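Colleague: I'd like to learn how to read strands and cavities in a model like this one. Can you walk me through it?

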Amino acid sequence: MGVLEKISEIEKEIARTQKNKATEYHLGLLKAKLAKYRAQLLEPVGKSGAKGEGFDVMKSGDARCALIGFPSVGKSTLLNTLTHTFSECANYEFTTLTCIPGVIEYNGANIQLLDLPGIIEGAASGKGRGRQVIAVARTADLVIMMLDATKGEVQRSLLEKELEEVGIRLNQRRPNIYFKVKKGGGLSFNSTIPLTYCNEKLVQLILHEYKIFNAEVLFREDATADQFIDVIVGNRVYLNCLYVYNKIDQISIEEVDRLARQPDTVVLSCNMNLNLDYLLERVWEYLALVRVYTKKRGEHPDFEGGLILRRGCTVEHVCHNIHRTLVPQFRYALVWGQSVKFNPQRVGLQHTMGHDDVIQVVKK
């Protein structure tokens with residue numbers, strides 16, 4: 001029996017098993033086996049597992065976004081509209097056959113946008129070059145899931161399932177579980193809060209499925225068995241995702257309003273250029289980027305060449321971005337902007353910068 005058949009059998013077993021206290025250990029074991037077989041699917045098999053032509057795109061710019069969706073939902077049209085790149089568009093499926101990169105210039109940042117070929121149901125198993133598409137998506141900072149507004153929410157649930165199967169977790173944070181494999185001593189299990197989904201016996205059964213008999217496990221949150229399996233496997237990717245519904249000019253205003261009110265969602269029309277500016281605002285917000293301007297003593301700030309950094313960056317990050325030798329020579333910095341109480345304010349290396357702040361670094 002092949003890996004795909006084993007996965008199918010386990011999925012059927014999970015579907016027909018009632019969820020209650022008596023079956024939670026059985027379901028936990030089945031989920032652990034399922035995760036193991038899915039991990040085997042992702043492993044390349046010799047030379048035949050090599051990447052397809054056009055998929056190995058060098059990461060460039062300040063951030064990377066991956067456009068994922070079914071064929072003919074408007075990914076190439078969106079790329080052509082937002083960037084100065086040409087990606088062939090047509091009214092037939094699989095117009096795009098390779099990964100086509102483009103660059104969005106917004107707020108002084110260069111955001112790389114990848115137009116990936118449309119994926120189909122079963123992509124996680126390798127159908128329709130799905131593995132190459134999903135492998136590129138794992139390297140992105142943000143997933144833009146392109147959906148056809150005329151087809152409701154069927155596409156969204158199918159795509160989420162495909163990405164879930166290959167270890168991409170959308171709009172989730174990493175489980176707060178401490179896990180460390182030891183050489184001996186058996187299982188050391190503890191939790192800082194009451195647990196409702198897992199207990200020591202279930203954790204031990206799951207670990208035994210992975211041939212782990214000596215480990216330290218500390219639950220700092222009420223996590224599920226699936227989340228604990230994610231921690232054991234260790235190759236899960238947690239990405240922000242924007243759900244973009246295209247072709248809103250073809251549905252009723254009530255349906256547009258319903259879709260627009262969903263969390264992490266943007267509605268637009270590429271053909272009529274509707275709501276594209278709002279999409280760029282949300283992309284900037286989800287990428288958590290900030291722009292910082294530098295200033296020399298006695299001169300005006302350099303508003304032409306701002307530094308693009310991540311939200312939560314400190315003065316130390318700014319110094320490293322300017323030049324790697326600046327931190328040892330750092331004395332203090334003067335900052336103007338929303339991150340300080342008065343302008344200018346004298347700050348140290350650990351001060352957190354805000355968007356559009358101006359900084360002047362004073363050396364020893």
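Predicted model: local features only at pLDDT ≥ 70, side-chain atom pairs only at ≥ 80, totals over all residues.

Colleague: Why is strand β3 described as largely enclosed?

Modeller: Strands (E, at least two residues) are DSSP runs, as are helices (H or I, at least four), numbered from the N terminus. Buried means under 20% relative accessible area with a 1.4 Å probe, protein chains only. In β3 (residues 109-115), six of the seven residues are buried, so the rest of the structure largely encloses the strand.

Colleague: Which strands are joined to β3 by bridges?

Modeller: Two strands pair if DSSP finds at least two bridges between them. β1 (residues 63-69) runs parallel to β3, with five bridges; there, C65 has L113 as its bridge partner. β2 (residues 100-106) runs antiparallel to β3, with seven bridges, and I104 sits opposite I111. β2 and β3 make a hairpin with two residues between them, and N107 in the turn has a positive phi of about 55°.

Colleague: Which residues line the largest cavity?

Modeller: On a 1 Å grid over the protein atoms alone, a cavity is a set of points where a 1.4 Å probe fits but cannot get out; lining residues have an atom within 4 Å of a point. Here the lining is L187, Q204, L207, H208, I212, F213, N214 and A215. Helix α6 (residues 200-209) gives the largest share, three residues.

Definitions and conventions. Residues numbered from 1 in each chain as written. Heavy atoms only, no water. 1 Å grid on protein atoms, 1.4 Å probe; cavity = no way out; pocket = protein on both sides within 12 Å on 5 of 7 lines; lining within 4 Å. Buried < 20%, exposed > 50% of the residue type's maximum accessible area, 1.4 Å probe, protein only.
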